[in-house]
Amino acid sequence: LRRLELLTAQEAAQVQAVSPLPEQVRAVVDVLAGKGSHASQSLQSFIETSNSQLYLHITVYEPMVQKHLESLQSSCGNGLETGALQRLTNLLLVEGLTDIQQKEHDILQVETTKGLPNVSKSIPLEKLFLPLSKVSIPPRISVTIGVAGMGKSTLVKLFVCSWAKGEINRDIMFVLPLTFRELNTYEKLSAERLICSAFPHITEPGCISAGAARTLLILDGLDEFKTPLDFSNAVVCTDPKKEVQVDNLITNIIRGNLLQEVSVWVTSRPAAARQIPGGLVDRMTEIRGFGAAEMKDFLDQMFPSNRDLSSQVLQHIRANRSLHVLCTIPGFCWISGSSIAYFLKHSSDLSQEAALVPRTLSEIYSYYFKMALSGDWLEKPRESPRIEQAVNTSKKLVGSLGRLAFYGLLRKKHVFYEQDMKAYGIDLSLLHSSLSTRLLLKEDMQTSTAYYFSHLTIQEFLAALYYYTAAKRAIFDLFTESSMSWPKLGFLNHFRSAVQRALQAEDRQLDIFVRFLSGLLSPQVNKLLSGWLLGKDEHGGFRSQAISVLQGCLNTDQAVSSRAVNAMRCLHEIQHTDTAKAVEEAMRSESLAGMLTPMNCSALAYLLQVSDVCLEETNLSNCLTYNVCKSLLSQLLFCHNLRLDNNQFKDDVMELLGSVLSVKDCQIQRLR
């Protein structure tokens with residue numbers, strides 16, 4: 001900056017045109033561009049009063065920033081395909097979490113809302129940390145939510161990469177990306193040690209904690225943090241050098257007791273994001289799922305050399321409304337696309353009985369695991385070991401991973417470390433096989449190695465496989481790992497226990513696990529996995545009894561909840577669809593009047609989400625009573641076009657409907 005004094009007025013004007021400029025440079029060139037009689041004196045005065053800040057910028061920041069940029073560019077420069085990332089350049093601007101986001105499993109959130117967000121405002125990625133208007137200030141705490149597999153970590157990588165290249169947010173001097181996976185490896189940290197340990201090239205962490213440079217701290221994956229954040233009981237800490245428990249450190253940073261001048265960006269699955277009090281969040285955004293064109297482009301990128309296969313896969317996905325909705329999640333779309341493509345590739349080898357396009361979740365994941373077990377991946381030739389040999393070596397690994405997955409699910413644990421692997425008897429040398437690289441991903445960090453399943457549903461399917469196999473010989477309750485429980489004999493008792501646990505779980509995190517467990521009893525899945533992961537005809541003796549257990553969840557006079565809808569989805573997985581088909585036929589013929597028993601109401605709530613009959617309009621004319629309408633109320637929220645005429649409704653029903661229309665989750669656009 002001292003050298004700027006030598007600039008001519010014309011040169012200073014050219015520098016002045018550059019935007020954005022650091023404040024100190026802007027102040028100098030504004031003086032120099034005038035080159036008036038007081039220019040030299042003003043400049044000297046400016047340099048003297050800003051000497052300490054100038055020293056910091058020239059001697060400390062410049063080399064540190066350069067090293068930091070080089071570090072980030074080397075770590076995030078690879079693996080980002082720009083074509084698939086256009087969706088992430090615009091985020092949805094939301095006003096806090098909805099009830100369904102706080103209470104439901106990620107998959108159920110997408111199924112219930114049909115993958116359509118209930119917001120219309122969006123914000124470009126490059127404006128994520130800028131004020132929304134000229135009179136507002138930049139957000140200090142920003143939270144971005146997205147269900148599992150939606151692309152939160154990819155979004156962070158895209159932002160960091162773009163910033164390091166100087167494409168966005170050039171007003172930010174330091175971007176510090178951290179993951180909760182890394183933070184899990186520490187017990188205690190200070191604010192300054194947090195920066196020094198993750199970014200050793202930043203030799204002056206004090207300049208960041210003191211706010212001398214605009215800094216963005218990114219905390220990716222709150223849902224993977226080992227300790228829940230407790231803002232009510234966290235010990236206050238204002239000393240950046242003091243070491244505290246890591247969860248306390250995070251709460252103090254978010255509250256502003258530490259690193260007050262640093263902007264913080266947290267990414268999380270929706271349910272975990274509720275740990276942060278809404279009053280502390282300045283801006284909340286959500287990652288949107290695939291639109292129709294983006295889904296097609298994604299599948300084309302999956303099969304770049306075979307567009308016919310890509311078109312066939314897309315055709316099968318679109319033909320199944322439930323599957324199509326879930327494929328708005330990129331992670332799920334990749335699993336489904338791989339499975340359907342594998343099916344299409346091998347359908348000529350299958351018997352006519354077995355050659356049915358996978359339609360249920362369990363069938364999709366059965367094909368995926370069959371493909372993984374055989375090492376037969378679409379993007380590369382079959383690997384050298386013979387299939388039988390590969391299957392035998394993989395079965396033991398799948399069993400060990402299944403136990404890890406199940407007890408991890410119970411503890412809400414989705415990231416594992418070497419000590420976890422050893423505790424569950426997993427041979428780390430086997431984790432380099434093609435099977436494990438498709439199921440369990442590995443990330444080397446500074447102090448340890450983290451392992452995590454490639455998608456939440458992979459963990460849930462593996463957990464269901466383990467429970468299904470173990471339940472046949474288990475003497476004690478499998479949900480109690482120490483085996484200190486009352487004896488529990490027989491598969492059916494264990495199945496009933498799993499269903500009851502799922503119904504009682506407040507966070508709904510066992511719903512998809514139970515859906516997979518039900519699906520493993522279906523004849524089609526048994527044919528697919530027979531001799532691979534299941535014994536032949538294992539389902540026979542249990543299927544009808546399991547159906548009775550699930551139907552018992554539907555015979556209640558209470559309001560139809562998402563639990564009842566999930567029980568209907570379990571019946572669909574087990575291939576018992578009689579009730580749903582009868583109600584759907586009555587909807588087509590407009591003859592629902594008089595048949596809406598509690599079980600049929602549950603079937604109707606399920607059909608509101610999956611049936612093509614409800615695609616354009618949900619017609620419930622001339623069939624609802626006050627009690628039936630009241631029981632279905634929470635499910636009618638998500639019907640876009642709702643027809644309720646000729647039901648002889650009175651004021652009490654109109655009050656109910658009025659209360660529904662004001663609910664935050666409500667997606668009703670047209671009501672007749």
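In this predicted model, Ser-602 touches Leu-554, Val-560, Ala-564 and Met-568, leaving aside residues up to four places away in sequence. Ser-602 lies in helix α28, which spans residues 598-610. The relative accessible area of Ser-602 is 2%. Buried means under 20%, so Ser-602 counts as buried.

The nonpolar core was examined next. In soluble globular proteins, nonpolar side chains tend to be buried together. The largest nonpolar core of this model holds 211 residues. Within this core, Phe-159 and Phe-513 touch the most other members. Helix α21, residues 456-470, gives the most to this core. The contribution of helix α21 is 10 residues.

An open sheet is formed by 3 strands, in the order β13-β14-β15. The pairing in this sheet is parallel. The edge strands are β13 (618-619) and β15 (670-671). Each edge strand pairs on one side only. Strand β14 covers residues 641-643 and is joined to β15 by 2 bridges. Strands β14 and β15 run parallel. Asn-641 stands opposite Arg-670, a residue of β15.

Definitions and conventions. Residues numbered from 1 in each chain as written. Predicted model: local features only at pLDDT ≥ 70, side-chain atom pairs only at ≥ 80, totals over all residues. Heavy atoms only, no water. Core = buried A, V, L, I, M, F, W, Y, C linked by side-chain atoms within 4.5 Å. Buried < 20%, exposed > 50% of the residue type's maximum accessible area, 1.4 Å probe, protein only. Helix = DSSP H or I, 4+ residues; strand = E, 2+ residues; numbered from the N terminus. Contact = heavy atoms within 4.5 Å. Pairing = 2+ DSSP bridges.
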